[in-house]
Amino acid sequence: SDGRIVTMPTLQLTRAAELGAELHATLRTLPGGSLFVNEFGALAEAVCRQIEDRPTLELCAEVGGRVSALSALASCLVEPKVDPRIIHAARHWGAYIGLTDDIRDLEADIASGNPSCLSVSENPTRLRIEAQKLAALHFAAAYELLPEAGRAKLTARHVLSTDSAPALLAL
């Protein structure tokens, strides 16, 4: 050993990095794998910025959007021809879900000391209103990008409600 103390988290992170490199190499060989890997890389960068910096609404929305886009891009691993509008809709939908979740959990996050993009704000109530507006914009953008069949599944009950989560769970 070089004199450094190796802790369990260090070993876990090292193994995770090795597995990540193996997965990255494998995914790149699949049809559409580069799209998936690139989106995953962008997600990882956004998460790192969220951890290192003070989280902003835009950054929280980006992380949620990229997680959702990964789900949409999973089909690219076998069929690389995915309509880009679906990927953009997934990003907006994920941003909407992420912001809505932070809004819904705000009081519990403050009470428990759990940091979120809203709970760390000096004025969480004002920021909550901004988050509601931003979430509504992402919802509208996702709606506009979806084909008619996808739009039919989204109704007024999905519009942001700060006191209830059933709209999110109904999807």
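## A buried alanine

Ala 142 is buried, at a relative accessible area of 2%; buried stands for under 20%, exposed for over 50% and partly exposed for values in between, with a 1.4 Å probe and protein chains only. This residue lies in helix H6 (residues 124-145). Leaving aside residues up to four places away in sequence, Ala 142 touches Ala 89, His 92 and Trp 93, where a contact is a pair of heavy atoms within 4.5 Å. Its C-alpha atom is 6.9 Å from that of Ala 90, a residue 52 positions away along the chain.

## Basis of the model

The model is predicted, and local features require pLDDT of at least 70, side-chain atom pairs pLDDT 80 or more, while totals for chains, interfaces and linings use all residues. Numbering starts from 1 along each chain as its sequence is written, and side-chain values use heavy atoms, without hydrogens and water.

## The whole protein

The protein has 8 helices and 0 strands, in the order α-α-α-α-α-α-α-α from the N terminus. Helices (H or I, at least four residues) and strands (E, at least two) are DSSP runs, numbered from the N terminus.

Of its 171 residues, 36% are buried. Among contacts with a separation of 6 or more, 61% join residues 24 or more positions apart.

## Helices H2 and H3

Helix H2 (residues 33-52) packs against H3 at about 160°, and their axes are 9 Å apart. Axes are lines fitted to C-alpha atoms, for helices over the stretch in contact, and angles run from 0 to 180 degrees between N-to-C directions. H2 is therefore roughly antiparallel to H3; angles over 145 degrees get that name, those under 35 are roughly parallel, 65 to 115 roughly perpendicular, and the rest oblique.

The H2 side of the contact includes Leu 35, Phe 36 and Phe 40, and the H3 side includes Leu 59, Val 63 and Leu 70. By class, the contact has 14 nonpolar, 1 polar and 4 charged residues. Ala, Val, Leu, Ile, Met, Phe, Trp, Tyr, Cys and Pro count as nonpolar, Asp, Glu, Lys and Arg as charged, and the others, Gly among them, as polar.

## Helices H3 and H4

Helix H3 (residues 57-73) and helix H4 (residues 84-104) pack at about 130°, with axes 6 Å apart. The two helices are therefore oblique to each other. Among the residues making this contact are Gly 64, Gly 65 and Ser 68 of H3, and Ala 90, Trp 93 and Gly 94 of H4. The contact comprises 11 nonpolar, 4 polar and 3 charged residues.
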